[in-house]
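My entries follow the order in which I looked things up.

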Amino acid sequence: MKKIGVIGIGNPLRKDDGIGIVLLEKLVEIKDDLPDNIEYIDGGTGGINLLHLFARFDIVVFIDAVNFGGEIARSKFFNSEDVISKNIQIKISSHGSNILKIIQLSKKLGENPDEIFIFGVQPKDMKPGTRLSYEIQENIDLLVNNLKVELKNVMENIK
Amino acid sequence: MTRDFSINIEHVTRVEGHGNIVLDVKNGEIKKIEWQISEAPRFFEAMLRGRNYDELRTITSRICGICSIGHSLASLKATEDALGVKISEQTRILRHLATNAENMQSHILHVGYLSIPDLLGVDSVFPLVGTKHNDSLLKIVRLHRLANEMSDLVCGRTIHPIRLVVGGLSAAPSEKQLLDLKKDLAEGLEITKEVAYVVKSVAGNFPDFERETEYIALTSDKEYALYDGIIASTDTGKHPDYKNYEKIMKEYFVPHSTAFHAKHYRDSYMVGALARFNLNSKQLHPIAKEVADMFGLKPINYNPFMNNIVQLVEFVHNIEDSLNWIDILVDEGVKDEKPKEVKLKAGRGVGIVEVPRGILVHDYTLNDNGKCTKANCVIPTNQNHANIQKDMEAFVPQIIDKPEKEIEFNLEMLVRAYDPCISCSTHYLDVKFV
């Protein structure tokens with residue numbers, strides 16, 4: 001059975017940047033509805049340690065605040081391959097090293113998972129503060145649902 | 001050659017935090033040379049005031065994302081010293097393992113990712129991926145992963161440990177987990193030897209610079225001191241009176257820095273891997289000694305660039321040391337221990353440990369209710385700032401005829417050799433209202 005890692009990324013002390021961690025915690029609450037070969041990881045603000053976190057998985061789904069130019073609180077599911085090859089301009093992770101750089105490093109080292117996806121949520125405000133912005137807070141249930149659907153699609157495709 | 005030039009590096013890269021190098025040369029004469037620390041202070045000591053004894057570790061762990069285990073251990077030792085708590089032998093051994101794990105994490109990160117690019121003439125580790133160095137890089141990544149997993153196993157988390165608590169550990173690894181770790185460490189030891197050969201092949205690129213200075217570290221009759229020991233200096237010998245550490249680590253303030261500087265017997269001293277080696281090299285484990293010999297290291301070594309190499313030597317020592325402790329734990333059987341019970345009383349406690357960058361002190365005063373009323377933390381990087389400055393003053397005249405770019409590169413490399421953790425060190429700001 002393939003090993004799947006769902007990794008929340010973000011800094012809950014920077015308002016909407018914490019959405020990756022909030023959604024991860026929501027998923028853990030409903031993990032009985034999801035396949036049991038998924039491991040849930042709080043990746044914090046990432047950095048080079050991400051390289052170690054995802055090397056052991058076949059498939060990885062990152063959850064993060066991503067500025068993809070969408071409407072606030074909208075989500076988008078990216079295949080990291082598309083983001084890199086099509087050079088899609090998105091800004092991921094407010095903290096230090098960029099996930100895409102770490103993914104590329106992992107690939108060149110030859111220890112990357114088969115597939116890496118990014119579930120991105122369009123943030124409004126990433127200034128210091130512990131509360132999500134109103135728009136995102138209002139849409140949490142919808143976002144959890146979208147994420148659940150995407151995870152199920154990923155599972156369907158590998159069957 | 002007389003010439004005018006100025007170098008202004010804002011900020012030095014591949015170090016933790018923000019520090020600047022300023023060099024001003026007129027007619028070939030040095031007018032100004034400064035190692036500046038420009039980060040905002042963080043007021044951790046003030047945050048501890050009024051906090052309960054069992055919160056102090058959790059808070060101070062956050063001083064540093066690299067040395068969170070070391071800050072935790074210094075904090076626990078200070079708290080336990082104040083409350084008169086005696087830990088069990090099993091806790092002592094597990095704390096040794098935690099210390100080794102952190103030293104390994106930090107050293108391989110510094111040598112492998114931050115320092116090797118200097119030796120290979122590249123800006124960062126990323127350009128090395130996919131080149132002929134790919135295999136070495138993969139080995140370094142594996143060693144870093146091993147150290148991370150070890151921290152995770154012993155402390156419950158890779159950084160900001162959760163199992164280390166006042167009086168003991170909230171949970172201990174199982175014998176099976178320890179035996180698995182032993183297997184991984186044995187493999188890691190072989191990989192480290194291979195990495196050492198690679199580093200040896202390029203170590204000649206470190207500048208041949210020496211400046212006599214004082215080295216301060218913990219020392220112990222029993223072992224290569226990391227978790228426990230007494231303060232010692234290469235100039236003045238042993239200083240067992242640990243509660244009066246301030247007589248050794250005399251901190252002072254300079255205008256160009258938001259971080260304290262420190263001195264003892266001379267104008268400055270150095271702490272860290274090289275200081276430990278210079279005081280305690282005889283107690284290194286056998287393979288670590290072999291690696292030190294391979295690089296021709298002998299105490300007292302006055303070349304600050306060799307701090308990088310000693311970090312690699314210590315990495316080997318930490319693996320050998322951990323293998324010994326695991327054998328003892330498994331032979332005696334891992335017991336299901338609860339942390340020691342704490343009886344509150346007022347008092348002052350001081351905890352001193354060696355962390356990757358040098359000697360670290362936490363000093364707490366608690367009241368009858370177990371609340372902290374006063375705190376002081378002496379951070380290794382603070383103690384090194386003055387020595388970095390003095391090294392620069394001695395180093396620049398030796399390289400002043402080189403092209404500016406090369407001087408700049410050499411000065412950055414000097415700062416990086418100290419592996420400074422600048423954010424940890426900026427805890428003081430002298431605010432004067434006029």
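Entry one, a helix pair. I looked up helix α3 (residues 68-83) of chain B and found that it packs with helix α4 (residues 89-120) of chain B at an angle of about 150 degrees, their axes being 8 Å apart. For the record, helices (H or I, at least four residues) and strands (E, at least two) are DSSP runs numbered from the N terminus, while axes are lines fitted to C-alpha atoms, for helices over the stretch in contact, and angles run from 0 to 180 degrees between N-to-C directions. This is a predicted model, in which local features need pLDDT of at least 70 and side-chain atom pairs count only at pLDDT 80 or more, whereas totals for chains, interfaces and linings use all residues. Residues are numbered from 1 along each chain as its sequence is written, and chains are lettered from A and ligands numbered from 1 in the order in which they are written.

I noted that the residues making this contact include B:Ile69 and B:Leu73 of α3(B), and B:Arg95 and B:Ala98 of α4(B), where contact means that C-beta atoms, placed from the backbone, lie within 7 Å. They divide into four nonpolar, two polar and two charged; Ala, Val, Leu, Ile, Met, Phe, Trp, Tyr, Cys and Pro count as nonpolar, Asp, Glu, Lys and Arg as charged, and the others, Gly among them, as polar.

Entry two, the next pair. By class, the contact of α4(B) with α5(B) has 13 nonpolar, five polar and one charged residues.

Entry three, a sheet. I looked up an open sheet of three strands in chain B, with the order β12-β13-β14 and antiparallel pairing; strands pair if DSSP finds at least two bridges between them. Its edge strands are β12 (347-355) and β14 (372-378) of chain B. Six bridges join β13 (residues 358-366) of chain B to β14(B), and B:Val361 stands opposite B:Val378 in β14(B). I also saw helix α10 (residues 380-399) of chain B lying across β12, β13 and β14 of chain B, at about 130 degrees to β13(B).

Entry four, between chains. I recorded ten residues from chain B and seven residues from chain A in the contact, and the largest share on the chain B side, five residues, comes from helix α5 (residues 134-155) of chain B.

Terms used: Contact = placed C-beta atoms within 7 Å.
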